[in-house]
Amino acid sequence: MKKNRISRRGFMGGSLAVLAGLGLPRGSKLFGQTSDTNTDGPKIKEYRTLGRTRFNCSDIGFGSSGVTDPAFIVAVLDAGVNYIDTAESYLRGQVESAIGKAMQGRDRKKVFISTKMGLRQNVTKQDVIDRANKCLERLKLDYVDCLQIHMPSTVAALKNEAYHSAIKDLKTEGKVRFSGLSNHGSQWGDVPETMEQVHLAAAEDGRFDVALLVYNFIQQEMGENILKAYKKKNVGATLMKTNPVMNYLEMKERVDKSEEEGRDVNPRMKALIERLKARADRAETFKSRYSLTKFNEIRDAAIKFVLNNPDVNAACPTILNYNDLEAYVSLSGSKFDLKAQNTLAAYKTTFGEFYCRHACGKCEPQCPHGVPVNTIMRYNHYFLGQGKEKAAMLDYAALPTNKADICSMCGGHCEQACPYGVPVQGLLMMAHRILTLV
Ligand code: SF4
Ligand code: SF4
C-alpha cells in the first residue's frame with residue numbers, strides 16, 4: 001500500500017469530537033472502525049487569500065453536496081481543508097446539520113463556511129432573514145462567513161433588494177460576515193443570460209465578496225474572463241465543476257447492458273451507443289498511451305489545471321468519500337506538470353466532443369419543446385461523474401419542463417446548433433434512461 005495513504009481508518013482518529021458530540025465514548029465504533037486509530041494521511045499544503053475577506057483558505061475546498069456524515073466532515077477538516085461550500089437546499093438542510101455536528105468543539109475562526117439560498121423573485125426581506133436563521137440553527141453556529149444567492153439566473157436577480165437589505169441587517173447583527181453568489185449558467189425556465197453575464201455583473205455590482213463559478217480545462221474562456229474581473233475587484237473566487245470528465249467505464253457498462261438486453265433502441269440512440277462504445281474502448285488505449293493507471297488521473301490533472309491559475313482561490317470539488325478526500329487533498333499545492341498538460345490536451349482532443357459544457361445552454365433556444373438541455377446534462381454529470389445518483393434522479397424528476405424522453409421524436413435542432421459538436425440528442429436520450437432508470 002502507498003505510504004501515507006489516507007484511509008477511512010486513518011481518518012477516524014479525528015472523529016473523537018464527533019463521537020463525544022454524539023454522546024458516544026472513546027473507542028466506540030463508527031462505520032465498523034474504532035475511533036482509536038492514527039491520523040496519518042495527506043494534508044493541505046497551500047492556502048490562498050480569499051479576496052477581500054482576507055481569509056487564508058485551503059486551495060482545495062469542500063464541496064459538501066450530498067454529505068451527511070459528521071465524522072467524515074471532521075476528517076475533511078482534520079486534513080486541513082478549511083473552506084466549506086454548502087447550501088440550505090442540499091438534502092433539505094441535512095448537509096448543514098451534519099456540518100453543524102462536525103463543527104462542535106472546533107475553533108470557529110479557522111473555518112470559512114459559505115451557505116447558499118435560492119431566491120424567488122418575490123422573496124421578502126423577512127423570508128431571507130428567517131431562512132438565514134434556520135441555516136444557523138442547523139449549522140449550530142452564531143454566524144456564517146458568507147451567505148450566497150444560489151443560482152441567480154439573471155442580472156436582475158442579483159440586484160434583489162430584499163436580499164441585500166436582509167444581508168445588511170444580518171451583518172449588523174453579526175450573523176453573516178460576507179455576501180456572495182453562485183452561478184453555473186442555464187437553468188430551466190430561464191431568461192437566457194449566461195454565467196459570464198451574471199458573474200461579470202456581480203463583480204461590477206460591488207456588494208459581493210465571494211463567488212462560486214464553473215471553470216475547467218474544457219470550459220475555459222468564460223471562466224477566465226470572470227476570474228480576471230473578480231481579481232480586479234478583489235472578490236474571492238471559488239470553483240465548481242472543475243472535472244468535466246465523463247465516466248466512460250460506467251457508460252460502457254450501460255451500453256453493453258443495452259446490447260445484451262437486445263432492447264428496441266431508437267436509431268439515433270443506437271448510433272450514439274456505437275460511438276460511445278468505440279469511444280469507451282478507445283479510452284483504454286488512451287490510458288495506456290498516456291501512462292495512466294486509472295481514469296481518475298485525468299480528474300487529478302484537471303484539478304492541477306485550475307490550481308495553476310493564480311486568480312483561483314479555492315477549487316471546491318464535491319468530496320463524497322474517503323477515496324475522494326485522499327485524492328483531492330493530495331493535489332493541494334501541486335504543479336500543473338508536463339504530464340498533466342499533455343494528458344489534458346490529448347483528452348480534450350479525443351473526448352471533448354462528449355462534454356456538454358457546463359454553464360453553456362447555447363443550443364437551448366433552438367429546442368421547440370423547451371427542453372433544458374444543459375440542466376439535464378448537468379444532472380447526468382451528477383449521476384455519472386460525481387456519484388450522486390439519487391439526488392440527480394430526484395432533481396430530474398422535479399423538472400417542471402419537458403424531459404428528454406421527447407427527444408426521440410424530434411429532428412435534433414439542439415444538436416445542429418451546438419458549436420462544439422456534442423452529439424447531444426443521443427446523450428439526452430441516454431441521460432433520460434439513466435436518470436429514470438428505465
Ligand atoms: S449541447 Fe452544446 S450548445 Fe448545447 S448546452 Fe451542451 S455544449 Fe452547449
Ligand atoms: S433533441 Fe429536440 S426535443 Fe430534445 S432538446 Fe434537442 S431540440 Fe429539444
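The chain folds into 18 helices and 12 strands, and what you're looking at is a predicted model. Of its 438 residues, 48% are buried. Among contacts with a separation of 6 or more, 79% join residues 24 or more positions apart.

- Mean pLDDT for the chain is 86, with 86% of the residues at 70 or more.
- Residues 1–6 stay under 50 in pLDDT, and the model gives them 11 contacts beyond four places in sequence.
- Another stretch, residues 12–38, also stays under 50, this time with 50 contacts beyond four places in sequence.
- Low pLDDT means the predicted coordinates should not be read in detail.

- Eight strands make an open sheet in the order 5-6-7-8-9-10-11-12, and the pairing is parallel.
- Its edges are strand 5 (62–63) and strand 12 (314–315), each of which pairs on one side only.
- Strand 8 (residues 144–150) and strand 9 (residues 176–182) run parallel and are joined by 6 bridges. Looking at V144, you'll find its bridge partner in strand 9 is V176.
- Helix 8 (residues 195–205) packs on this sheet, where it touches strand 9 and strand 10 (210–214). The direction of helix 8 makes about 165° with that of strand 10.
- Strand 10 is joined to strand 11 by 5 bridges, and these two run parallel as well. V214 stands opposite M240 in strand 11.

**Strand 11, from the inside**
- Strand 11 (residues 236–240) is largely enclosed by the rest of the structure, because 5 of its 5 residues are buried.
- G236, T238 and M240 point one way from the strand, while A237 and L239 point the other way; all are buried.

**Helix 3 and what follows**
- Helix 3 (residues 70–78) is mostly covered, with 8 of its 9 residues buried.
- The buried ones are P70, A71, F72, I73, V74, A75, V76 and L77.
- Just after helix 3 comes G80, which takes a positive phi of about 100°.

**Around ligand 1**
- The shell holds 14 residues, and the closest are C356, C360, C363, C418 and V424.
- Helix 15 (residues 373–384) is the top contributor to this shell, giving 3 residues.
- By type, the shell around ligand 1 splits into 10 nonpolar, 2 polar and 2 charged residues.

**Around ligand 2**
- This ligand is surrounded by C367, H369, V371, V373, I406, C407, C410, G412, H413, C414, Q425 and L428.
- Helix 17 (413–417) and helix 18 (424–436) are the elements that give two or more residues to the shell.
- The shell around ligand 2 has 8 nonpolar residues, 4 polar and no charged ones.

**Past helix 18**
- L437 sits in the segment after helix 18.
- Is L437 buried or exposed? L437 is exposed, because the count of other C-beta atoms within 10 Å is 7, and a residue with 12 or fewer is classed that way.
- The C-alpha atoms of L437 and M393 are separated by 8.7 Å, though the two residues are 44 apart along the chain.

Notes: Residues numbered from 1 in each chain as written. Chains lettered and ligands numbered in written order. Predicted model: local features only at pLDDT ≥ 70, side-chain atom pairs only at ≥ 80, totals over all residues. Near = placed C-beta within 6 Å. Helix = DSSP H or I, 4+ residues; strand = E, 2+ residues; numbered from the N terminus. Nonpolar A, V, L, I, M, F, W, Y, C, P; charged D, E, K, R; others polar. Pairing = 2+ DSSP bridges. Contact = placed C-beta atoms within 7 Å. Axes fitted to C-alpha atoms, helices over the stretch in contact; angles between N-to-C directions. Buried ≥ 20, exposed ≤ 12 C-beta atoms within 10 Å, placed from the backbone. pLDDT = per-residue confidence, 0-100.
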